[in-house]
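Here are some friendly notes to read alongside the structure. Keep the viewer open and look up each place as it comes along.

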Amino acid sequence: MEVEEDEYRRKERIALLIIVVVASVAVAALLVAFSYYCYIRNRVSKRRSNLQRADNEDKGGFQNLQVAAEKGLQVFTFKQLHSATGGFSKSNVVGHGGFGLVYRGVLNDGRKVAVKFMDQAGKQGEEEFKVEVELLSRLRSPYLLALIGYCSDNNHKLLVYEFMANGGLQVHLYPASSDNPISLKLDWETRLGIALEAAKGLEYLHEHVSPPVIHRDFKSSNILLDINFHAKVSDFGLAKLGSEKVGGHVSTRVLGTQGYVAPEYALTGHLTTKSDVYSYGVVLLELLTGRVPVDMKRPSGEGVLVSWALPRLTDRDKVVEIMDPALEGQYSMKEVIQVAAIAAMCVQPEADYRPLMADVVQSLVPLVKTHRSTSKVGSCSSFQVTKSPTAHEFGKASV
Ligand SMILES: Nc1ncnc2c1ncn2[C@@H]1O[C@H](COP(=O)(O)OP(=O)(O)O)[C@@H](O)[C@H]1O
Ligand SMILES: [Mg+2]
């Protein structure tokens, strides 16, 4: 009887052991299976979120251009612009800048445009280009050149702007050194108007958009003139797309354009809106003197426009000596002194002493108003240029 009971207890222990072992194995198997499930789940969700991010990024890039298009920008195919510019024909080249050639073109609806064919290609350039188009589509002012649309086909990047019949300001200030034999000299009144409109363009970029836009490459060739010599600022925000080519036409990421760059920016790379104010001062000096910012062929001490002009700007007697001979003395001395004083403040080596563009605009408004109220409409002034054939239209094949 006792033996039987012992046997029974032994069997019971064995059964319990088997149950415990089986249960442990089952729990262990369950744990392994659960961990594997968690691992797989984690991987799948990571993959999904990566895919979603990539998708969003794609859509984001696309949306940028989509938003740009919704804001009135046209998206052109390369073929459309090819035909608008007569196959990018040489006869339609109106300029060659730091970013490539600029062509005159006519769209299907008859609108005249300027097509800027960007030299740079590649994936990064493509991204920057998209960002720029998005930025430019948000900036609208009567004093800024309007971007009409763009083309971003494979490696072709083109910007389509409104056409400015009288081209860059520099063509008219330095007709002898330009390709345009028939550029017309600008009278004092027109120069004052250009100075004010360009100042309003910069004022808009600095003070009417948030965050402010620093032009970085403000210069006379980026002030474009329409058929009536009204000025618009161009290439705002484009400076960072510039090539880093050295020599020739210098329009680089860090350097801007020789002769226009504020000293603190050249030395430290520290860029503020006051760097644009300096460049604006250099353009005022060009309008006053008819001299290019840097000309090493001039006698010693006269090569750098700012260094030569600055000590003469605040001296009543000396300021006459620096005036553009092409003006033939046809200006009000009082106004010249005021403009010279503004230029002197803008090109101060110390950035903090330079005025804001809003101050410049305020100082110029009364001068231009004076001219409007006493304007000699219909007079036979030798500077009556607005009705004449324009430099761009003259002698150039149209498309
Ligand atoms: N919208 C436009 N309408 C007419 N001419 C233009 C236009 N944009 C540029 N140009 C001409 O092309 C020239 C080169 O322009 P751009 O590529 O901006 O070079 P830059 O670096 O000299 O400013 C300008 O000086 C001007 O004569
Ligand atoms: Mg330009």
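**Notes on the model**

1. Helices (H or I, at least four residues) and strands (E, at least two) are DSSP runs, numbered from the N terminus. The phi angle of glutamate 328 is near 50°, a positive value in a residue other than glycine. Because glutamate 328 has 12 C-beta neighbours inside 10 Å, this residue counts as exposed. The scale works like this: a residue is buried if 20 or more other C-beta atoms lie within 10 Å of its own, exposed if 12 or fewer, and partly exposed in between, with C-beta atoms placed from the backbone.

2. A word on what you are viewing: this is a predicted model, in which local features need pLDDT of at least 70, side-chain atom pairs count only at pLDDT 80 or more, and totals for chains, interfaces and linings use all residues. Residues are numbered from 1 along each chain as its sequence is written, while chains are lettered from A and ligands numbered from 1 in the order in which they are written.

3. Now the overall picture. The protein contains 11 helices and eight strands, and 36% of its 399 residues count as buried. Two residues are in contact if their C-beta atoms, placed from the backbone, lie within 7 Å. Among contacts with a separation of 6 or more, 67% join residues 24 or more positions apart.

4. Another loop deserves a visit, the one between α5 and β7 (223-225), where proline 211 is found. Serine 210 and proline 211 are joined by a cis peptide bond, with omega about 0°. Arginine 216 lies in the loop between α5 and β7 as well, and its phi is near 75°, a positive value in a residue other than glycine. Is arginine 216 buried or exposed? Arginine 216 counts as buried, because it has 25 C-beta neighbours inside 10 Å.

5. Next, look at the largest nonpolar core, which has 82 residues. Such a core is a set of buried Ala, Val, Leu, Ile, Met, Phe, Trp, Tyr and Cys residues joined through C-beta atoms within 7 Å. Helix α5 (residues 188-208) gives the most to this core, with 10 residues. Domain 1 (74-162) and domain 2 (169-394) both contribute residues, so the core lies between them. The domain bounds come from an automatic or database domain assignment. Val160, Ala195 and Tyr280 are among the residues with the most contacts inside the core. Leaving out residues up to four places away in sequence, alanine 195 touches Leu284, Leu287, Val339 and Leu364.

6. Finally, find lysine 116 in strand β4. UniProt lists Lys116 for "binding site" in an unreviewed entry; such annotations may be inferred rather than shown by experiment, and positions follow the numbering used here, with feature names shortened. Lysine 116 counts as buried because 22 C-beta neighbours lie inside 10 Å. Apart from neighbours within four places in sequence, its contacts include Phe99, Val102 and Tyr161.
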